[in-house]
Amino acid sequence: MSIRRDVVAIVFVAVCALLPLALQAIGQRQVYWLFVVSELFIFAVVAISLDLLMGRSGQISLGHSGFFAVGAYTAAILNEHYRVDVVLSLLAGGLLSALASLIVGLPATRLRGHYLGIVTLGYGIAVDQIALKWDALTGGDQGIHLHQPTFFGLKIGSPVAMYYISLAVLVVVIVLTWNLLRTRIGRSFAAIRDSEVAAAAMGVPIARTKVLAFVCSAFLAGVAGALYAFLAGFVAPEDFGIDQTLLFFAMVVIGGMGSIAGAIGGTVLVDGLRVAASTVSGLSLAILGGVIVLVVLFAPSGLKGLLRVKPRSR
């Protein structure tokens, strides 16, 4: 099973690495599709970060667009005023988002279920409104235009370069998350997800573990937000509203919680629907709403459960 999983992962990365070469056949349109797939890689990082919180530690979040926005604005401000390069901007975006996660991570030690969902939703809405009203820092509704990204002085703003950077970040996040889940911290996440009472009886510090789950998840979402700012070259409050929160939530629910592959599969499906229905305002959200209802009713494990290979009966 492990060998097959490794083979699938290698084939996935190889196909993604060769895709820009294949897209050369469609001429100028390759720029558009490179952007679409790069954006999908970034959203997959957000879905993995949200799955780390919801699927691995059992805490709900409806405010991940807020962490995403903090990372994006951090990178945009550092780029606009100080010309900070891509790597440092990604780290700064992740660290500031992790710091911001304490705002909702600390209440999470006393809340659960839909109460925690309401708090995180309020956080996401608050970040969106702060970005809109704090003109001096964020540019308000005019947003921030970024300079061409650099890495050790080299300009790397071409669509192909941003594609490979997005792919590299996704691979690194998958490896980091995979290894984190196999450490004592990852097992603590699983313990509080399954039963807080049992976890406490085994000596797991419940409050500290919950906050740590929020910090880790927000760091990854912040990195994704910073990378999105460089990919788009522009950030504005409308990029981080309630619609974005619902998209991230749908990616995890439809893909199946508790699975990195499920988070990526959910991202492919949800973002594919969003792009396909982008010509009609609100159509993608209407379709996704119906899909979420069907998934909850008939396939609560999502794509992960539907595609799981059942063991042969003897």
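Visitor: Is M54 buried or exposed?

Guide: M54 counts as buried, with a relative accessibility of 9%, where buried means under 20% relative accessible area, exposed over 50%, and partly exposed in between (1.4 Å probe, protein chains only). Before we go further, this is a predicted model, in which local features need pLDDT of at least 70, side-chain atom pairs count only at pLDDT 80 or more, and totals for chains, interfaces and linings use all residues. Residues are numbered from 1 along each chain as its sequence is written, and side-chain values use heavy atoms, with hydrogens and water left out.

Visitor: Which helix does M54 lie in, and what is M54 in contact with?

Guide: M54 belongs to helix α2; helices (H or I, at least four residues) and strands (E, at least two) are DSSP runs, numbered from the N terminus. Leaving aside neighbours within four places in sequence, M54 is in contact with Q59, I60, S61, F249 and M257, contact being heavy atoms within 4.5 Å.

Visitor: OK, on to α12. How many of its residues are buried?

Guide: In α12, 10 of the 14 residues are buried, so this helix is largely enclosed by the rest of the structure. The buried ones are Q244, T245, L247, F248, A250, M251, V252, V253, I254 and G255.

Visitor: What covers the buried residues of α12?

Guide: The cover includes α2 (30-57), α3 (64-82), α13 (260-276), α14 (283-298) and α15 (302-307). Within α14, L288 is buried at a relative accessible area of 3%, and beyond its neighbours within four places in sequence L288 is in contact with L247, I254, V270 and L273. The C-alpha atoms of L288 and A250 are separated by 7.2 Å, although these residues are 38 residues apart along the chain.

Visitor: What span should α12 have, and how far apart are its end C-alpha atoms?

Guide: Helix α12 runs over residues 242-255, and at 1.5 Å a residue its 14 residues should span 20 Å, which agrees with end C-alpha atoms 20 Å apart. The expected span is 1.5 Å times one less than the number of residues. G256 follows α12, with a positive phi near 105°.

Visitor: Which residue takes a positive phi just after α3?

Guide: That is R83, at about 55°, and R83 is a residue other than glycine. As a general point, most residues other than glycine have a negative phi. R83 sits in the loop between α3 and α4 (86-100) and counts as exposed at 55% relative accessibility. As for α3, 15 of its 19 residues are buried, so α3 is largely enclosed by the rest of the structure.

Visitor: Changing topic, at what angle do α8 and α11 pack?

Guide: Helix α8 (residues 159-180) and helix α11 (residues 206-232) pack at an angle of about 175°, with their axes 11 Å apart. That makes α8 roughly antiparallel to α11. The axes are lines fitted to C-alpha atoms, for helices over the stretch in contact, with angles from 0 to 180 degrees between N-to-C directions, and angles under 35 degrees count as roughly parallel, over 145 as roughly antiparallel, 65 to 115 as roughly perpendicular and the rest as oblique.

Visitor: Which residues meet there?

Guide: From α8, M162, I165, S166, V169, V173, T177 and L180 meet C216, L220, V223, L227, F230 and L231 of α11. By class, this contact has 11 nonpolar, 2 polar and no charged residues, with Ala, Val, Leu, Ile, Met, Phe, Trp, Tyr, Cys and Pro counted as nonpolar, Asp, Glu, Lys and Arg as charged, and the others, Gly among them, as polar.

Visitor: You mentioned a cysteine, so how many disulfides does the structure hold?

Guide: It holds 0 disulfides, a disulfide being a pair of cysteine sulfur atoms within 2.5 Å. C216 counts as partly exposed at 21% relative accessibility, whereas C16 is buried at 9% relative accessible area.

Visitor: Last one, what is R193 in contact with?

Guide: R193, which lies in helix α9 (residues 184-194), is in contact with G55, R56, S57 and G58, leaving aside its neighbours within four places in sequence. R193 is partly exposed, with a relative accessible area of 36%.
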